[in-house]
Amino acid sequence: MLAIRWLHLLGAALALGGATLAWWLFRTTGFDTAPVGESESGTGDASEVATASTGVPALAVAAGYERLFWAATGVLVMTGVGNLGSLAPYVPGTETPWGTAFVAKLALVLAVLALSLVRTLVVHRYRRADELGRAGRRRLRRSYGATALAFAVLVALAEVLAHG
């Protein structure tokens, strides 16, 4: 039982931490850090210029995060169902504050999964095009920010559920 809870925490940490990292990368790298045609080192290295103007490293991290996210989500769902199954006789009904918080958490989980599917497809589309414009960077930055915020709310709801 303890191992299942640790797996659940690990899955949540990976999902929240990865979304935060991707958001931060899209926020801090790219168009605003190095003008197109000029590298940060001043050497004019073409690869550095291309990196700054296309956001490819952030996109590569985002693609890696998508694989990690869905693996972590699988672990979260399996361990969450396991935790709920082991506590089923003691779970209060939906008419209680605990039950209301639990239903809110499940609804938020479903919303995060649906919107994450869209985000994953968008990342895949940009990877296939091998180019990410300003609008794409903004879209992905907001998407990862929303994912991180949703997971932070889920962690807060889990804390409320765990301690009454």
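Which residue forms a salt bridge with glutamate 66, and how far apart are the closest N and O atoms? I started there. The partner is arginine 119, and the closest N and O atoms are 2.7 Å apart. The pair links distant parts of the chain: glutamate 66 sits in helix α3 (residues 56–87) and arginine 119 in helix α4 (residues 97–129), 53 residues apart. I note that this is a predicted model.

**Entry: the salt bridge**

I counted salt bridges next. The structure holds one. I then looked up the burial of both partners. Glutamate 66 has 4% relative accessibility, so it counts as buried, the cut-off being under 20%. Arginine 119 is buried as well, because its relative accessible area is 3%. As background, side chains of opposite charge can pair when their charged atoms come close.

**Entry: the overall fold**

I listed the secondary structure. The protein has five helices and zero strands. Along the sequence I read the pattern α-α-α-α-α. Of the 164 residues, 32% are buried. I also checked how far contacts reach along the chain. Among those between residues at least 6 apart in sequence, 77% join residues at least 24 apart. The accessible surface comes to about 9700 Å², and carbon and sulfur atoms hold 68% of that area.

**Entry: helix α1**

I took helix α1 (residues 2–28) from end to end. It has 27 residues and reaches 38 Å from its first C-alpha to its last, close to the 39 Å expected at 1.5 Å a residue. Its buried residues are Gly11, Ala12, Ala15, Gly18, Ala19, Ala22, Leu25 and Phe26. I recall that an α-helix has 3.6 residues a turn, so residues three or four places apart point the same way.

Leucine 14 lies in helix α1. Its relative accessible area is 34%, so I logged leucine 14 as partly exposed. Leucine 21 lies in helix α1 too. At 42% relative accessibility, leucine 21 is also partly exposed. I traced leucine 21 across to glycine 145. The two are 124 residues apart in sequence, yet 9.5 Å apart in space, C-alpha to C-alpha.

**Entry: a nonpolar surface patch**

Which residues form the nonpolar patch on the surface? I found Leu7, Leu10, Leu14 and Leu68, with about 320 Å² of accessible area together. Helix α1 gives the largest share of this patch, three residues.

**Entry: the nonpolar core**

I turned to the inside. The largest nonpolar core has 24 residues. Those with the most contacts inside this core are Phe26, Leu59, Val123, Leu140, Tyr144 and Phe151. Helices α1, α3, α4 and α5 each supply at least two of its residues. Helix α3 gives the most, with seven. For context, in soluble globular proteins, nonpolar side chains tend to be buried together.

I then followed leucine 140. Setting aside its neighbours within four places in sequence, leucine 140 is in contact with Phe26, Leu59, Val122, Val123, Tyr126 and Leu132.

**Entry: asparagine 83**

Is asparagine 83 buried or exposed? At 14% relative accessibility, asparagine 83 is below the 20% cut-off and therefore counts as buried. Asparagine 83 is found in helix α3. Beyond its neighbours within four places in sequence, I found asparagine 83 in contact with Met1, Ile4, Arg5 and His8.

**Entry: helix α4**

I repeated the span check on α4. Its 33 residues should span 48 Å at 1.5 Å a residue, and its end C-alpha atoms are 48 Å apart, so the two values agree. Its buried residues include Gly99, Ala101, Phe102, Lys105, Val112 and Ser116. Arg119, Thr120, Val122, Val123 and Tyr126 are also among them. Aspartate 130 follows α4 and has a positive phi, near 55 degrees.

**Entry: helix α5**

The buried residues of α5 include Gly136, Arg137, Leu140, Ser143, Tyr144 and Thr147. Also among them are Ala148, Ala150, Phe151, Leu154, Leu157 and Leu161. Just after α5, I noted glycine 164, which takes a positive phi of about 100 degrees.

Terms used
Residues numbered from 1 in each chain as written. Predicted model: local features only at pLDDT ≥ 70, side-chain atom pairs only at ≥ 80, totals over all residues. Heavy atoms only, no water. Patch = residues over 30% accessible without salt bridge, like charges linked within 9 Å, V, L, I, M, F, W, Y side chains within 5 Å. Areas by Shrake-Rupley, 256 points an atom, 1.4 Å probe, with all protein chains shown as cover. Salt bridge = Lys/Arg side-chain N within 4 Å of Asp/Glu carboxyl O. Helix = DSSP H or I, 4+ residues; strand = E, 2+ residues; numbered from the N terminus. Buried < 20%, exposed > 50% of the residue type's maximum accessible area, 1.4 Å probe, protein only. Contact = heavy atoms within 4.5 Å. Expected span 1.5 Å × (residues − 1). Core = buried A, V, L, I, M, F, W, Y, C linked by side-chain atoms within 4.5 Å.
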